[in-house]
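Open the model in your viewer and keep the sequence panel beside it. This tour goes stop by stop: select, look, move on.

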Amino acid sequence: MTSQKVRRCLRFNVLGPLEGWSGGDRLRLGGTIRERVLVALLLETGNVLPLSRLVNAVWGEDPPPTAAHQIRKAIADLRRIIPDGTSVLVTDGRGYRAQVTDTELDLAEFRGAVSCAATAAEQGRAADAVEALRTAIALWRGPVLPDGGGPLIEAASTMLYERYLTAAERLYELRLGLGESVDLVVDLRELVDRHPLRETLRCQLMLALYRAGRQAEALDEYTRVRALLSEELGIDPGPRLISVYEGILRDSPEVGSPVPGSADPRPPSASGSGVPAPCTLPYDLADFSGRAKEVGELLAQARTESGYGTRIVVIDGMGGCGKTTLAVHAAHQLSAEFPDGQLYLDLQGYTAGDRQPIPAETALGDLLRACNIAEDAIPDGIAGRTALWRATLNGKRLLLLLDNAADAVAIRPLLPTDRGCLVLITSRTRLVDLDGAEWISLDVMSAADSATLIEGTLGSRRVAAEPEAALELTRLCGHLPLALRIATARLRNRPRWTLQYLVERLRDETRRLDELDSGERSVDATLRLSYQALDEKCRNVFRFLALHPGHTVDVQSVAAMLDSEPKYVEDILERLLDVHFLQQPDIGLYAMHELVRTFARGLHDDWTGPADTLAVERLLTYYLTATETACGTLFPGRHDRPTGIARSGAELPELADAGSARDWFRREHAVLLNLVPLAERYGYHRHTVWLARNIAFSLNASGYLNEFAQVSRAAVGAARRLGEPAMLGVSLSNLGVACWSLGLLAEGMTVAEEGLAIAVQVGDRHTEAHSESSLGLYKSLLGRFPEALTHLQRAIAHERELGSARAEVETLTVLSTLYEQWGRYREATVVADRAVALARQLGHHESELVALTDSAFAYAGSAEYGTAAEYLTRARELCDETRDPGQVAITLALSADIAHRLGEPAQVSGLIERSLALGRSSASPLRRAKVENMVGRLMCRTGEHSTALALHTDAHELTLAAGYRPEHGYALAGMAEATRALGDEQTAAGYRLRAAELFTAMGVHGRRDGN
């Protein structure tokens, strides 16, 4: 069964006691720790939760010493229990992430139904909104993990319960608007009994009773809640309760049954003055598009009743991300719910020119005038104006949009205190000092929303004519709404321009910000305002960040670049995060939006050049020191070489054990690849050589073979420019390995021969041994077995003399393969077993997997299949996602062959499927060809001759192109066997003859089918 079929039946329920289902079977998840770990991950589906957060979710502030181990064990157990568990609970960097679809999680369905209800209500489809909310509420079975969880889970449970109650309130509000009353009383009374202080529910119960002809009971509800509020909280009922109560007393039409078709009954306006309510909102964009999720979230937060005061929702985000547009759009949708006015005020926190932020006293004067307060009635001084402002809003339902705020200090005097009011605030910085606010941090638009915006402004026909250019346009604009608006405005004003023409102009990064300028609107000017608002320390760090080659950076590397303490740098980075110049993909990691990076690069010029060069040198030295340390951990026995560069004194990340070193290499992968061209660009050729050497070790071990060749070529070029023969020999040696991995045998031979000559010339015995080993490898691949044997024997002699056990392991694995392909199986087993023993002595060694697999090949050649199976069992234990996929594929393919020979067919198909998939994902055509030949022979034995022929044919093409003669011979032999079995004896005879000639030329006698 495929993983998709397994996943199709999966279901998790967290809205109540945790449940997991696979089809009709309930999963026995078992154990408190497992349940809490799984719930924590499911509550934040799609987000990476670091280990520390999971520990906190399970034990809170008092975890046991073995907490991390117990979390990892729980994850492993859950992956075993859950069908296709490794794709459900995914390891991501330093943490874990739950990957489930909306239909696999009740919480996702709940959120989706609530969102659908909001959309339906906004569009006037009240009945559809009611059904969606019924669906959402039906999913609720009780609190999350009612038997207890850590503080994180308890907080999430409280938040979700609040959303459930909000959804219930909205459902009853809609049903009241549709004319229902009698049927609501029982359900509302039950909720009111459970939440007696929740005024919205009490209002709804009073309306339902009144409309059902039970006026006295409705008034009695008010009497009870007024006494309860006074006794419990020492406060009076809110304006909405009072308004409903007074309306019922007067038999006001406003609290009576609604006109048929009305879907949003509301209590009467508190002003009742007959004066038109003030509205100073800017116009809503007619072509507003996208942001459906953010609009839904903003409306939901705005409509959530505040327990004690004015509702405050803050929208923060980088300049140009569309905060004001979103806030204005939402305010217009909410306007009918605030009949006493909708006010807008630009606080000018970030404004071009000499204009300063508006003082609170001035802002209060503007707001009071907008509320028709006479000029002579407005007092001087901030205290008097604040008191008048709050008194003016007492008992009113007013929406206030405060745009472009710089800080919380300027906002506090403007905040109403009445619970009927709503304040929306936009700011480029996170107003962390504003207590009691809800937050929406606005990111750039999604790819889908960006495409919708472009299509909405340019028209579907124009976009459909150039779909690829439209997609690239959104990418070059960084999905930033301001950039997209400017770009599409230019295209609309220049009908002769094609999308592709503008894309080509934007591709030039040095002019990209110039292109995104339409006079009044400019991405550069918008970002510059945020930059100028920073203090000098933040500006300096921001400028230097543009020099870092990583899309994501960590504190240690930035501190090294700046020659500063990590704690100081982290504080600055957090400040840049608060003003949205940085993003935070994970704890301790920071990233820049591409247009922000382009802006930051534009801040560098000839004046900053000397400081830039020193910063780059410090950064390169830091990474050289870190990669040296990580390689020393991961590759024991590696020959240490003097670099001529002093070690960095900066604080390094944790690299003491293999797991942390491997994780660091994985996390820094993109940065490390970009460091080599950075070193070249600044002329640090010595750094280029030694960084490339360290990075190459990790790339080779992980199967990044094209990148391995790329950095090795750069190192060779740098060594040649330096005129350093010893460094050139080392670099050529690494490039030779990369060429072998990629099947570039002719180039690899030339490189290895030059490396050997240089090593002999300068007396570098280590490089000489490595070059001899490489030449032995190449000549064995070319079928020149006697010459290969001579080179390999020389290499082993040098390595033993030098005491280089690590290098000897690698050469022994090549020699055992040579003997095995030559048909000298007994010698192959001796050599392979020696490699396995040496690898074990070294401790952790990446060649152990190769050595164990080679031993299995040798024993299989001698028909000792049981022994081969034992070696393969040990080899498979070393196969994980950190290994070269091509090597893992070979191990699995041989495992399938041996399992079949030992009469264990149940394992075979799975091993074959995985080996072929990994072989095809490998960048090495040689390993792919070997895997296809091995699986092809197995397919022939099981009667699947057409499949076998296809595999051998592909292997034939790969080996012919590369000149890989032994596997070329096996491919021809396999094609002959498959073709014969398919009834074409004449063609089979031709293949058989060519294979025999090839094996004879190589000196291979006896078995020539590769088995």
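Start with one term: a residue is buried when its relative accessible area is under 20%, exposed when it is over 50%, and partly exposed in between (1.4 Å probe, protein chains only). A second term covers the numbering of elements: helices (H or I, at least four residues) and strands (E, at least two) are DSSP runs, numbered from the N terminus.

This is a predicted model, in which local features need pLDDT of at least 70 and side-chain atom pairs count only at pLDDT 80 or more, while totals for chains, interfaces and linings use all residues. Residues are numbered from 1 along each chain as its sequence is written, and side-chain values use heavy atoms, with hydrogens and water left out.

**The whole chain**

Show the protein chain as a cartoon. It holds 46 helices and 14 strands. Its C-alpha trace spans about 110 × 70 × 65 Å along the principal axes. Of its 1011 residues, 55% count as buried. Contact here means heavy atoms within 4.5 Å. Take the contacts between residues at least 6 apart in sequence: 68% of them join residues at least 24 apart.

**Stop 1: helix 25**

Select residues 555-562, which form helix 25. How many of the 8 residues of helix 25 are buried? The count is 8 of 8, so this helix is largely enclosed by the rest of the structure. The buried residues are Val555, Gln556, Ser557, Val558, Ala559, Ala560, Met561 and Leu562. Now show what covers them: the cover includes helix 24, strand 12, helix 26, strand 14 (589-591) and helix 28. Step past the end of helix 25 to aspartate 563, whose phi is positive, near 55 degrees.

**Stop 2: helix 24**

Select residues 536-545 for helix 24. Here 7 of the 10 residues are buried, so helix 24 is largely enclosed by the rest of the structure. Colour the buried ones: Cys538, Arg539, Val541, Phe542, Arg543, Phe544 and Leu545. They pack against several elements, including helix 23 (523-532), strand 12 (552-554) and helix 27 (594-601).

Zoom in on the start of helix 24. A side-chain oxygen of aspartate 535 reaches to within 3.2 Å of the backbone nitrogen of lysine 537.

**Stop 3: helix 24 against helix 26**

Two packed helices are described by the angle between their axes and the distance between the axes. Axes are lines fitted to C-alpha atoms, for helices over the stretch in contact, and angles run from 0 to 180 degrees between N-to-C directions. The axes of helix 24 and helix 26 come within 10 Å and cross at roughly 90 degrees. The two helices are therefore roughly perpendicular to each other. Angles under 35 degrees count as roughly parallel, over 145 as roughly antiparallel, 65 to 115 as roughly perpendicular and the rest as oblique.

Show side chains at the contact. Helix 24 brings Lys537, Cys538, Val541, Phe542 and Leu545, and helix 26 brings Tyr568, Ile572, Leu573, Arg575 and Leu576.

**Stop 4: histidine 580**

Move to the loop between helix 26 and strand 13 (583-586), where histidine 580 is found. Histidine 580 has a positive phi of about 65 degrees although it is not a glycine. Is histidine 580 buried or exposed? Histidine 580 is buried, at a relative accessible area of 10%.

**Stop 5: asparagine 404**

Select strand 9 (residues 399-405) and find asparagine 404 in it. Asparagine 404 is not a glycine, yet its phi is positive, about 65 degrees. It is buried, with a relative accessible area of 13%.

**Stop 6: helices 20 and 21**

Select residues 481-493 and 499-507: helix 20 and helix 21 pack at an angle of about 135 degrees, with their axes 11 Å apart. That makes helix 20 oblique to helix 21. The contact is made by Ala487, Arg490 and Leu491 of helix 20 and Leu499, Leu502 and Arg505 of helix 21.

Stay in helix 20 and pick arginine 485. Arginine 485 counts as buried, at 15% relative accessibility. Leaving aside neighbours within four places in sequence, its contacts include Leu285, Asp287, Phe288 and Arg521.

**Last stop: aspartate 92**

Jump to strand 5 (residues 89-92) and select aspartate 92. At 29% relative accessibility, aspartate 92 counts as partly exposed. Not counting residues up to four places away in sequence, aspartate 92 touches Val48 and Arg97.

How values were computed
Polar contact = N/O pair within 3.5 Å; in protein donor to acceptor, adjacent residues only side chain to side chain.
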